[in-house]
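Let us walk through this model from the inside out.

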Amino acid sequence: MTTARRRSYGVKGAPYAFLVPATVLFALFFALPIGYAVWLSFHKVHVSGLGLGSGAREEVWAGLENYTDALTDSELIDGALRVLGYGCIVVPMMLGLALLFALMLDSEKVRLTSFTRLAIFLPYAVPGVVAALLWGFLYLPDVSPFFYVLQKLGLPQPDLLDGGPLYLALSNIAVWGGTGFNMIVIYTSLKAIPVEVYEAARLDGATPLQIAVRIKIPMVAPSLVLTFFFSIIATLQVFNEPTTLKPLTNSVSTTWSPLMKVYQDAFGNGDIYQAAAEATIIALATLVLSFGFLRAANRRNKQEAAR
């Protein structure tokens, strides 16, 4: 083999060599755990007699039994419904505020843009467990300064950790922490719009509000789709907020959300096979919803481009 040919093979193989570390990490810490969870979901433990002695507990093939039990489990279904109601509050409010803040920061009349942008983004840097714990103490009437002020003013003191207000309390934590990240994504897209577009609109007599509604929002639609996609995934995987608030109230059960149900079955009940089936179902539901949403968004973009 000539030197030139060796160099050619070396150049062509360089990209694959760079992909090897990422591929190995993906296989070890992503693909392999997923495959093992799917394998566990098709098995169960068969107990003979009292379950004592060697060979009394044996791992056997269960087929779809774990999936059938999971899909008919009222606790898992109730948790999914709770997350659905939670998502109906979190996603519109978080994306609406993120879009509003991004448009305000992109305005020429706004001052201290760098400080304001950092202040809005900063809550995202706070770990979810820490944020939930901080807000949890602010919700407790005995230690919250807000309830102290309400008491002094003679105003009602609602219990935010019980009943319907619990959804608002949990949603507030997610909105407070996630708005900054989505705002940065949308704001970056706004900065990528050519200045000439705005100048042409002003020459045509467009007001700042008209520019925002008719130019800026349509042009950042791909970013809105992306942030909506991330928000849906985060909503389906809600775990930190209700788990952290659970010791503070009796309204949050150990199976409040689907992921909490998986955790309870795996580490509370010791049934990792049932938990694996539930985790697989949640992953498939997330994949189907995400793929369906992206496909619908792409179809709409193609239809608008065809016009």
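**Cores, surface and salt bridges**

The largest nonpolar core has 20 residues, and Y86 and W256 make the most contacts inside it. Helices α3 (74–105), α5 (128–139) and α7 (165–191) each supply at least two of its residues. The largest share, 6 residues, comes from α7. A second, separate core counts 17 residues, including L99, L105, A201 and A212. Keep in mind that this is a predicted model.

Now look at Y86. Beyond its neighbours within four places in sequence, Y86 is in contact with Y167, L170, S171, A174, T235, V238, E241 and W256.

Next, find T227 in helix α10 (residues 221–236). Its relative accessible area is 1%, so T227 counts as buried, the limit being under 20%. A polar atom of the T227 side chain lies 2.9 Å from the backbone oxygen of L224. Neighbours within four places aside, T227 is in contact with L95, N182, V185 and I186.

V20, V24, L25, L28, F29 and L32 make a nonpolar patch of about 600 Å². One of these residues, L28, lies in helix α1 (residues 3–41). L28 is partly exposed, because its relative accessible area is 46%.

Charged pairs come next. The structure holds 6 salt bridges. One of them joins E65 and K44, with the closest N and O atoms 2.9 Å apart. This pair links distant parts of the chain: E65 sits in helix α2 (residues 65–71), K44 in strand β1 (residues 43–47), and 21 residues separate them. E65 is partly exposed at 34% relative accessibility. K44 is partly exposed too, at 28%.

D106 and K216 form another salt bridge, with closest N and O atoms 2.9 Å apart. Here the partners are 110 residues apart, D106 in the loop between α3 and α4 and K216 in helix α9 (residues 208–219). Both D106 and K216 are buried. The loop between α3 and α4 (113–125) also holds S107. S107 is partly exposed, with a relative accessible area of 30%. From S107 to G35 the C-alpha distance is 49 Å, across 72 residues of sequence.

Methods
Residues numbered from 1 in each chain as written. Predicted model: local features only at pLDDT ≥ 70, side-chain atom pairs only at ≥ 80, totals over all residues. Heavy atoms only, no water. Core = buried A, V, L, I, M, F, W, Y, C linked by side-chain atoms within 4.5 Å. Buried < 20%, exposed > 50% of the residue type's maximum accessible area, 1.4 Å probe, protein only. Helix = DSSP H or I, 4+ residues; strand = E, 2+ residues; numbered from the N terminus. Contact = heavy atoms within 4.5 Å. Patch = residues over 30% accessible without salt bridge, like charges linked within 9 Å, V, L, I, M, F, W, Y side chains within 5 Å. Areas by Shrake-Rupley, 256 points an atom, 1.4 Å probe, with all protein chains shown as cover. Salt bridge = Lys/Arg side-chain N within 4 Å of Asp/Glu carboxyl O. Polar contact = N/O pair within 3.5 Å; in protein donor to acceptor, adjacent residues only side chain to side chain.
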